[in-house]
Amino acid sequence: MGDILLRNITLNDSANDILIKKGRISKIEPAGSGIGWNLGGDVELMDCSGKVAIPGFINMHTHSPMTLMRGIGEDMTFQEWISKIWQVEERLDHDFVYWSTRLACLEMIRGGTVCFNDQYWYFADSVKAALDMGMRIATGYDVMDKGNKAEAERQKEQCLRMSEKFLNNLDEGHIYELAFHAAYSVSEEMMLWVSDLARKYDLNIHIHLSETQKEVLDCKAAHSGLSPVEYLDSLGILSDRVLAAHTLWLSENDMDILAKRGVHCIHNINSNTKLASGYRFLYNEMRDRGINICLGTDGCASSNNLDMLEAMKTSALFQKAWREDPAALPLGELMDMATINGAKALRYGSGRIAVGEVADINIIDTDNCYFLSNAPFLANLIYSAHSDCIDSVICRGRFLMRHREIEGEKEILAQARRVLKKIA
């Protein structure tokens, strides 16, 4: 891994030189201070005049192979949509998952995402795709037995085998975790089994939780008036290793439980609004309880893209609108949701640009109309610009994109067109 020197790049409103060595940020010094002059010939220099450094984005909830399922379930209720998705997924194979994940990685890199928390079938193929693209991925075996005992036993055996394989040969770019889809699609016995296995190996569990009002009402009807949060808590499943996507329909008691257990909550505004699941995400109420709140896009079958900048903007706009408060969800908190909060949930050192941290950096080109104002940089980035202002992306100290060019893009597009025929 070669060293990288970013010269004359703006960081926190001042010009700096940033030296990256062995995947980490080694030095940050004022521009022109002489950093890197005696490093020899194995250093890649980039003149970043007129450019700004921000942390790479962490997409905390998505289903990356769904990038080839955009628009297949438009104008449907959530129940109609998910039923159609499950039918399509019966036709998937390893080849489809690998290339559709690489296509998702291509899109995410262009949008400045360096790490994503994924949940899908054939996860080993998604891991290979992400690592081949140079990204970091958090994913593992995903359980969904739908109450079928024979299927549950099959999945248990496969989960144990795959978990042992990956935990014994874990790549530094892969954060292994377990997942179960949701309380309505996984049996109680299976959820407990996954929770015990995760506790044994100290693994995160990635789940969907309280995504729709129907989910909450059905759970209360089936479990003596308990909400999904209360139900999972009664089983002893909730902990600071749980990554809960959506958490949209919550009571005061639900939020108290999530805070007490240290659950990390993931907001997915574009998916929630597009499927009409809801829009009143209780950000302030959860934040004030100390809950770590992250940001995700969800999969392309529901959100249609993997653009974290768009997710940041839409999240803020909806908070401001339904609360009738223009100060809701400040810019700094938006950035934390898209960066350091995700790193905290996934338990690895990233999400900020500082000496000693993992070098996950987006290089923003401000030489365009969106930054020609006296507004704060983050205001122009989040509310005005689009992700094509991201000039270059560094993940784990390696360039994933240089000046908008990504290696292997044409092959990825060609292969994606080929495997798309599998679900036609």
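Mentor: A residue is buried when its relative accessible area is under 20%, exposed when over 50%, and partly exposed in between (1.4 Å probe, protein chains only). This is a predicted model, in which local features need pLDDT of at least 70 and side-chain atom pairs pLDDT 80 or more, while totals for chains, interfaces and linings use all residues. Residues are numbered from 1 along each chain as its sequence is written, and side-chain values use heavy atoms, without hydrogens and water.

Trainee: What percentage of the residues of the chain count as buried?

Mentor: Of its 424 residues, 58% count as buried. The C-alpha trace spans about 65 × 50 × 40 Å along the principal axes of the chain.

Trainee: How many helices and strands does the chain have?

Mentor: Helices (H or I, at least four residues) and strands (E, at least two) are DSSP runs, numbered from the N terminus. Here the chain has 15 helices and 18 strands.

Trainee: Which residues of helix 1 are buried?

Mentor: In helix 1, the buried residues are Phe-78, Trp-81, Ile-82, Ile-85, Val-88 and Glu-89. They lie on the same side of helix 1, because they cover an arc of only 120 degrees around the axis (taken from the directions from the helix axis to the C-beta atoms).

Trainee: How many cavities of 30 Å³ or more does the count give?

Mentor: On a 1 Å grid over the protein atoms alone, a cavity is a set of points where a 1.4 Å probe fits but cannot get out; a pocket is an open set with protein on both sides within 12 Å along at least five of seven lines; lining residues have an atom within 4 Å of a point. Points are joined across faces, edges and corners, and a volume is the space filled by probe spheres set on them. The count comes to one cavity of 30 Å³ or more, and the largest cavity has a volume of about 200 Å³. Its lining has 22 residues, of which His-63, Met-66, Ile-82, His-181 and His-208 are the closest to its centre. Helix 1 (residues 78-89) gives the largest share of this lining, six residues.

Trainee: What is the volume of the largest pocket, and which residues are the closest to its centre?

Mentor: The largest pocket holds about 610 Å³ of space. Among the 23 residues that line the largest pocket, Trp-121, Tyr-122, Glu-151, Arg-154 and Gln-155 are the closest to its centre.
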